[in-house]
Amino acid sequence: MMDRLLQKLTDLPSRPDETWQGGLFRVPVWVDNEDGDVFRPYLPLWLAVRADKVHMGRMVKPDECSPNVALEAAVDFGCRSRYGGYRPGKVEVNDPALAEYLSGPLGAAGIEVRVV
């Protein structure tokens with residue numbers, strides 16, 4: 001499924017002047033779910049700097065958190081015409097491991113990934 005979404009992202013028009021900033025962020029609240037688990041979730045969050053748009057992915061438990069969650073949210077951001085509808089020229093993250101992970105699939109889509 002992710003391959004299909006990445007292909008959709010690659011097919012979108014490019015906006016080389018746009019930069020998305022974001023990644024995975026720990027939400028500063030405690031969640032108590034129906035299973036009795038108490039945890040602080042992670043939230044993938046992306047900001048389109050020039051377009052001034054924000055996109056949040058789905059919150060996940062700490063044991064479900066992976067770089068793929070951030071990738072899914074970025075691809076979803078690009079594929080939603082209401083928020084994105086294009087692929088940015090650059091993606092900036094503050095986590096070197098996340099940047100390395102994103103460099104493969106986003107790089108294949110013509111998006112530069114940088115650590116800032």
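Start by selecting E18, which counts as buried because its relative accessibility is 0%; buried means under 20% relative accessible area, exposed over 50% and partly exposed in between, with a 1.4 Å probe and protein chains only. This is a predicted model, in which local features need pLDDT of at least 70 and side-chain atom pairs count only at pLDDT 80 or more, while totals for chains, interfaces and linings use all residues. Residues are numbered from 1 along each chain as its sequence is written, and side-chain values use heavy atoms, with hydrogens and water left out.

E18 lies in strand β1, residues 14-26. Helices (H or I, at least four residues) and strands (E, at least two) are DSSP runs, numbered from the N terminus.

Next, select W20, W46, L71, V91, V93, L102 and L106. Of the 23 residues in the largest nonpolar core, these touch the most other members. A nonpolar core is a set of buried Ala, Val, Leu, Ile, Met, Phe, Trp, Tyr and Cys residues joined through side-chain atoms within 4.5 Å. Two or more residues each come from α1 (2-11), β4 (42-48), α2 (67-79), β6 (87-93) and α3 (96-108). Which element gives the largest share of this core? That is α2, with 6 residues.

Move to α1 and colour M2, L6 and L9, its buried residues. They lie on the same side of α1, because they cover an arc of only 55 degrees around the axis, taken from the directions from the helix axis to the C-beta atoms. What covers them includes α2, β6 and α3. The face turned away carries the exposed residues D3, R4 and D11.

Then go to D52, in the loop between β4 and β5 (53-56). Most residues other than glycine have a negative phi. D52 is not a glycine, yet its phi is positive, about 55 degrees. Is D52 buried or exposed? At 63% relative accessibility, it counts as exposed.

Finish with C65, partly exposed at 24% relative accessibility, and C79, partly exposed at 25%. The count of disulfides (pairs of cysteine sulfur atoms within 2.5 Å) comes to 0.

Technical notes:
Contact means heavy atoms within 4.5 Å.
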